[in-house]
There are 2 protein chains.
Amino acid sequence: MNTPFNTLKLVHLGIDTQREHVVFMRKDCHICISEGFEALNRVLVTVKGKSKIATLYIINDGILNPGEAGLSESAWGDLNAKEGDEISFSHVQPVNSMRSIRAKMYGQELNYESLQNIINDIVKGEYSNIEIAAFITACGGDSLSIDEIIGLTKAMVVSGQRLSWNKKIVVDKHCVGGLPGNRTTPIVVAIIAAFGLTIPKTSSRAITSPAGTADSLETMTKIDLSIKQIQKVVEQENGCFVWGGSIKLSPADDILIRVERALDVDGEGQMIASVLSKKIAAGSTHVVIDIPIGKTAKVRTEKDAEKLKYYFNVVGKAMGINVNVLFTDGSQPIGRGIGPALEAMDVLSVLRNEKDAPQDLRNKSLLLAASIIEMVNGTKNKSGLQLAKEILSSGEAYAKFMAICQAQGGFKEPEFAPYKEDVKAEKSGIVTEIDNRRLAKIAKLAGAPHDSKAGVLLKTPLNTKVQTGDVLYCIYSETKGELKYSIDYMKSEEDIILIQ
Amino acid sequence: MNTPFNTLKLVHLGIDTQREHVVFMRKDCHICISEGFEALNRVLVTVKGKSKIATLYIINDGILNPGEAGLSESAWGDLNAKEGDEISFSHVQPVNSMRSIRAKMYGQELNYESLQNIINDIVKGEYSNIEIAAFITACGGDSLSIDEIIGLTKAMVVSGQRLSWNKKIVVDKHCVGGLPGNRTTPIVVAIIAAFGLTIPKTSSRAITSPAGTADSLETMTKIDLSIKQIQKVVEQENGCFVWGGSIKLSPADDILIRVERALDVDGEGQMIASVLSKKIAAGSTHVVIDIPIGKTAKVRTEKDAEKLKYYFNVVGKAMGINVNVLFTDGSQPIGRGIGPALEAMDVLSVLRNEKDAPQDLRNKSLLLAASIIEMVNGTKNKSGLQLAKEILSSGEAYAKFMAICQAQGGFKEPEFAPYKEDVKAEKSGIVTEIDNRRLAKIAKLAGAPHDSKAGVLLKTPLNTKVQTGDVLYCIYSETKGELKYSIDYMKSEEDIILIQ
């Protein structure tokens, strides 16, 4: 035996398994055989004295030579691995906190300590994806009690970084189950910061949609700020709109959400804990939660919304923050642009009080801003809505928006992509239905959100009267090839916009 | 754009992800970008007109060139893929039957139709591992009702092949949570077949242990028989002992068990359905279930065993088969050998009525055979135990064992591996404890079950009086290197056999 007792040489394979640590070993490797390792086993791998638990995948031939092993990108990075490093292996017992999940399967309630151990182990990367799936399922549906939701929220808060502000009141807003083009955030932040309240807003990038708020903001300003930079911006301008991914607030959530999405499972308790833990970690004291209700929205009936509202209020109270839940119309998308830059243009046209600005985006932003103002301020001589309208109409909100952009690193005007296709009405009539899901797919085929200027610009909202040949929407793309992909798809589908 | 609209060229990567179909694509691949695919997405892949759902893994660089994609071994095989084949991709909705699992998370009971859809989709390979984990968790613990267990059992039976026999009575036995070295099967089959009952026994290979019954039998005869061959053997000799892996009885079980093991989760309802579905698919009418109770066994208390017994009886009755549940001593291993050939030697020494045959293995085999005989025959003038003893002591069982081996393809004598190390007592006293888990690890490091002659032979069972220098156990290995691995490990551990 020339190979050492228990080490192999690492080669870089470049396989991205997201957060899950994976180790690749040959089927005929003497370590697999002698240790009795089999595919899907959890194995403790050690590189230069640093250890991580990884899931084992077996390679039959091809990409590894005898004596070699590989790692997924996440494990490669976390272990600071270099090509040719020695890697050693040992058996690992199933992670201890999984016991609580098994107990939960038998109906036992999870206490705070158990939940904290589970969340800490998940953040440390000690759970495989199937173990995370078991946690999500065991705590899914309506199976978490109020006490468990409170425990989970606390555990998620303490597992990551926390922001703190020298302010008695710090506000925030959150939308549960966003609609396409629902870019109220920059407008609300501008109004609220101009009003004088502290609103340090973090947003996320798109995962499956054509644009996240962060993607849209990035077409206008710098959004990946450090905590120190965020604190400077907020001190100076009362508010910010930055990407949450560069600071680790409630990091368990980012891990859970990938598996939840893959399972298409979203437990109520976990959703409440996920939203509130991020707000608490961001230092908020007052939070407005927007629940759009509609047949294609996440929440479909007022009854479901009432249940969520109850949970948000009870858990918020237990965690010491004020929560105000709003129900809004979730039956159609907000704004006209679909894609990062196109949605940014909607935002700017509302802030600039342009005559043809999308009124739905304007009204919804005012409603949310008003609700924050009234929650904190009470209604004195003017209503929250009056105050919000004055700040927006007077140009104060726009000035504040530009000031925040300057503080974050400067403002730039969002641009249209160079290639464009007008999609025209083939008959006359009234627009009675718009298929948002397929419009979003066209925007993605055209390149959004990867190509920030690509997307779809809707010209004819619901109830518009159109003539044959009128432009219904424009597709924008940064390359001819992508424009062709989106047109091919568009032509293969019928009645994306229904005219009757 | 020179690359086609929606196809890539396949390259063979040789990555074995077990049953889960996985597709590997480059991060910068135009299809990933335009379709918005992300890691862990389920994607419909099509090769030469044949489609399968696969989980997407993203490759950053290294093993795929632009325009190429790879598949896991299972998907490669199921799609009959060849190097250079074109592969195309499309989005896929989450598999429909997952809806029932989500409903179960909200407390809804699963009816037979839902369970059948889930099991069929799992057998077709349409579930990702995380979806299987969600199913196992949602139905885990004690969350399945009797009706659900019955529905699951039926669904598992109809999802695979079934054996049928022209006999009114077909018997079988099963042990829940086997102990190391618990090789009663060949002895019981020999006694029962000699008695004249039909017993078509299928066994499994080791997954994590040093030997499965099938591995042990393989050191003596051919065990991978076709259904046709099995039927011929049983017609001629009343019984067989073959590997269950080559015939597809209750194939869902083999898929579920991998994920259950990785999660270390074993729901009661699923266990009942798993055991009974295999017996029913094998055509059994009378089944003896052996539940060893002990602190290192799967079932730890009589109370837990009683609950399982109740379920086995009720579900068995609903499925139209007779079940007899036995509780046995699970506090120490049965026999002396650990490893395929060494365990086969124990079996032969009992069948040959050798003076130093392991009495625990002999007694337990007699007990199980007696229980089968009494279940079918009732007690006439002789007890089942008397009958079983006579058949074994007279050599009839041994003759039947040899006849079955001949019918299966011939008998060969199991052999010791060439390299051996005696592990000796370092002090005098009484053996008070034996750590089976660590003895099994030594056997595996020595090469078992891969090297069938390797393993551990225990010389001093519990309560043996030993002198300093007496041999406690021998390690057998087929290579010097593996012998060294096992000795290195043995030396690094203390009190594997405790002498006081």
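Which residues of chain A does UniProt list for "domain: Pyrimidine nucleoside phosphorylase C-terminal"? The UniProt record, an unreviewed entry, gives residues 430-497 of chain A. The structure shown above is a predicted model.

Chain A is divided into domain 1 (7-91), domain 2 (171-244 + 283-408) and domain 3 (419-499). The centres of domain 1 and domain 2 of chain A, taken over C-alpha atoms, are separated by 45 Å.

The relation between the two chains may be considered next.

The peptide bond from Ala448(A) to Pro449(A) is cis, with omega near 0 degrees. Pro449(A) has its place in the loop between helix 17 (436-445) and strand 15 (455-458) of chain A. In chain B, a cis peptide bond joins Ala448(B) and Pro449(B), with omega about 0 degrees. Another detail concerns Asp495(A), a residue other than glycine whose phi has a positive value, near 55 degrees. Asp495(A) is found in the loop between helix 18 (480-492) and strand 18 (497-499) of chain A. For Asp495(B), phi is likewise positive and near 55 degrees, and this residue lies in the loop between helix 18 (480-492) and strand 18 (497-499) of chain B.

Is Glu260(B) buried or exposed? Its relative accessible area is 11%, and buried means under 20%, so Glu260(B) is buried. Its side chain is joined to that of Gln270(B) by a polar contact of 3.1 Å. Leaving aside residues up to four places away in sequence, Glu260(B) touches Ile136(B), Val265(B), Asp266(B) and Gln270(B).

Charged side chains also meet in pairs. Over all chains, the count comes to 50 salt bridges. One of these joins the side chains of Asp172(A) and Lys279(A), at 3.5 Å from N to O. Asp172(A) lies in strand 7 (residues 171-175) and Lys279(A) in helix 11 (residues 268-281) of chain A, so the pair ties together parts that are 107 residues apart in sequence. Both Asp172(A) and Lys279(A) are buried.

A salt bridge in chain B connects Glu415(B) with Lys453(B), the closest N and O atoms being 3.1 Å apart. Glu415(B) lies in the loop between helix 16 (396-408) and strand 13 (419-424), and Lys453(B) in the loop between helix 17 and strand 15 of chain B, so this pair ties together parts that are 38 residues apart in sequence. Glu415(B) is partly exposed, with a relative accessible area of 46%, and Lys453(B) is partly exposed at 28%. Finally, Asp142(A), Glu268(A) and Lys307(A) are joined into one network by salt bridges that share partners.

Technical notes. Residues are numbered from 1 along each chain as its sequence is written. Chains are lettered from A and ligands numbered from 1 in the order in which they are written. This is a predicted model: local features need pLDDT of at least 70, side-chain atom pairs count only at pLDDT 80 or more; totals for chains, interfaces and linings use all residues. Side-chain values use heavy atoms; hydrogens and water are left out. UniProt positions are given in the numbering used here, feature names are shortened, and annotations may be inferred rather than shown by experiment. Domain bounds come from an automatic or database domain assignment. Buried means under 20% relative accessible area, exposed over 50%, partly exposed in between (1.4 Å probe, protein chains only). A polar contact is a pair of N or O atoms within 3.5 Å; within protein, one must be able to donate a hydrogen and the other to accept it, and residues adjacent in sequence count only if both atoms are side-chain atoms. Contact means heavy atoms within 4.5 Å. Helices (H or I, at least four residues) and strands (E, at least two) are DSSP runs, numbered from the N terminus. A salt bridge is a side-chain nitrogen of Lys or Arg within 4 Å of a carboxyl oxygen of Asp or Glu.
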